[in-house]
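Please read it alongside the sequence and the coordinates shown below.

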Amino acid sequence: MAVILLGTLDTKGAEYGFLADRIRAEGIEVVVIDAGVFGPAGAAGAADIGPDEVALAAGTSRAELAAAGDRGAAVAAMARGAAVIVARLQAEGRLDAIAALGGSGGATLATQAMRELPVGVPKLMVTTVASGDTRPYVGARDITMMPSVVDIAGINRVSARILANAAAAVAGMARSRAPELTRERPLIAASMFGVTTAAVDAARARLDELGYEVLVFHQTGVGGESMEALVSDGFVDGMLDLTTTELADELVGGALPAHPRRLEVAGAAGVPQVVSLGALDMVNFGPMSTVPERFEDRNLYVHNTNITLMRTTPEECAQLGRRVAGKLNSATGPTALFVPLRGISAIAVEGQPFHDPEADEALFSAVREGIGDNVELIELDTHINDPEFARAAADKLHEFRR
């Protein structure tokens, strides 16, 4: 059983030595990978895999990187090399968990390698950037970010406690094994937002009746990316993608944008998918004070003190309809697009603040005009959260899977 420690021993050797000793005290083997460039190799501590080997895996040499003197380019190269080595160790069965220490540079390097590992492999990053925006580091993987509180600069009464906790955590994760499930069921990934919860809950219940296991992903930008990463990794047998709201944030500039390949991954993999237009009536911002001034005259709705929603316009909806159709047209597997004619979210139905028949029709018309023959277009005279709609979507996905 082994924990991989990945970092730059030329600047963090003492800290990695302390962490390694604490992990070994837990009875776990440690393999240290040194990805440092600008100091003497292994100057501050012994590494099992040195920086020359890491650089070679990236197609370069440590000497060349050091001579160039470009820290950013060196970090990028060593990150590539470390990712190759870490993936190889995992494939060889020599990696039960991975941990790293560092600031923004160290976190950038280490988490790139961590993101190459499958979901479920324990990954721990102790860093000064853990309390900020962690999406660039975590991406769509299950990386645990632990705030270091103080800088990773020596062993003191605070850092010693933090690093001891980190050692215990990663040792525990390395020992842990996923529980054996009593039965294996086909796995469905479902997309949800607060305003489409009723639809997804009802569809999930129906799919459970039909013998499926459903994983639900909240559509926060990262949620969609994580969902589709599982598709790429081959975990998912079908997609119930009822909530495509991230595309609206990507188009208009909201706080929860889709990643560039959103709504393309399942189609490229040939995974059966049932898709809808859930929550394309809204763009997400933070508190009202964070809404850009150019949008001050738009239809804004305070969802809570931390979230302000903005209604999409007919022009934006038309663009979104074309975008959805274009992405689905490239699908290679069974695909259906469900259109709820009476409202695409809980607050877009008649009597609610985002009810806008003109905007909805612009969305629906663009979909009808743009969708290809490979996509089954199903329009229902219900709103998205109607149990009838949810059941129909679940049954269609089941039909695709038979």
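In this predicted model, Ala336 has Glu376 in strand E14 as its bridge partner.

**The six-strand sheet**

- Strands E7, E6, E8, E9, E13 and E14 form, in that order, an open sheet with parallel pairing.
- The edges are taken by strand E7 (213-218) and strand E14 (375-380); each has a single partner strand, so one side of each has no neighbour in the sheet.
- From one strand to the next, the twist of this sheet averages 20°.
- Strand E9 (residues 273-278) is joined to E13 by 4 bridges in the parallel sense.
- Ser276 is the residue that stands opposite Phe338 of E13.

**Burial of strand E13**

- How many residues of E13 are buried? The count is 6 of its 6 residues, and the strand is accordingly described as mostly covered.
- In a regular strand, side chains alternate between the two faces of the sheet.
- In E13, Thr335, Leu337 and Val339 point one way, while Ala336, Phe338 and Pro340 point the other way; all are buried.

**The three-strand sheet**

- A further open sheet consists of 3 strands in the order E10-E12-E11, and its pairing is antiparallel.
- Strand E10 (282-285) and strand E11 (300-304) are the edge strands, each pairing on one side only.
- The average twist between one strand and the next is 30° here.
- E10 and strand E12 (residues 307-311) run antiparallel and are joined by 4 bridges.
- Val283 has Met310 in E12 as its bridge partner.

**Pockets**

- Rolling a probe the size of a water molecule over the atoms shows where empty space is left.
- The volume of the largest pocket is about 380 Å³.
- The largest pocket is lined by 15 residues, and those closest to its centre are Val119, Gly120, Val121, Arg177 and Ala178.
- Its lining comprises 10 nonpolar, 2 polar and 3 charged residues.
- The second largest pocket holds about 260 Å³ of space.
- Its lining has 23 residues, with Thr8, Thr11, Arg71, Gly105 and Gly106 nearest the centre.
- Which elements give two or more residues to the lining of the second largest pocket? They are strand E1 (2-7), helix H1 (9-25), helix H4 (71-91), strand E3 (97-102) and helix H5 (104-114).
- H5 gives the most to this lining, with 5 residues.
- By class, the lining of the second largest pocket divides into 10 nonpolar, 9 polar and 4 charged residues.

**Enclosed cavity**

- The count of cavities of 30 Å³ or more is 1.
- The space in the largest cavity amounts to about 40 Å³.
- Residues lining the largest cavity include Glu15, Ser148, Asp151, Ser159 and Leu163.
- Helix H7 (residues 157-175) gives the most to the lining of the largest cavity, with 3 residues.
- The lining of the largest cavity is made up of 5 nonpolar, 3 polar and 2 charged residues.

**Arg262, a residue in a loop**

- Arg262 lies in the loop between helix H10 (246-252) and helix H11 (265-269).
- Is Arg262 buried or exposed? Arg262 counts as buried because its relative accessible area is 1%, where the cut-off for burial is under 20%.
- The side chain of Arg262 makes a polar contact with the side chain of Glu246 at 3.0 Å.
- The side chain of Arg262 also reaches the backbone oxygen of Thr243, at 3.4 Å.

**Gly139, a residue in another loop**

- Gly139 is placed in the loop between helix H6 (135-138) and strand E5 (144-147).
- Gly139 is counted as buried because its relative accessibility is 8%, with under 20% as the limit for that class.
- Although 87 residues separate Gly139 from Ser226 in sequence, the two are 7.6 Å apart in space, C-alpha to C-alpha.

Note on methods. Residues are numbered from 1 along each chain as its sequence is written. This is a predicted model: local features need pLDDT of at least 70, side-chain atom pairs count only at pLDDT 80 or more; totals for chains, interfaces and linings use all residues. Side-chain values use heavy atoms; hydrogens and water are left out. On a 1 Å grid over the protein atoms alone, a cavity is a set of points where a 1.4 Å probe fits but cannot get out, and a pocket is an open set with protein on both sides within 12 Å along at least five of seven lines; lining residues have an atom within 4 Å of a point. Grid points are joined across faces, edges and corners, and a volume is the space filled by probe spheres set on the points. Ala, Val, Leu, Ile, Met, Phe, Trp, Tyr, Cys and Pro count as nonpolar, Asp, Glu, Lys and Arg as charged, and the others, Gly among them, as polar. Two strands pair if DSSP finds at least two bridges between them. Axes are lines fitted to C-alpha atoms, for helices over the stretch in contact, and angles run from 0 to 180 degrees between N-to-C directions. Buried means under 20% relative accessible area, exposed over 50%, partly exposed in between (1.4 Å probe, protein chains only). A polar contact is a pair of N or O atoms within 3.5 Å; within protein, one must be able to donate a hydrogen and the other to accept it, and residues adjacent in sequence count only if both atoms are side-chain atoms.
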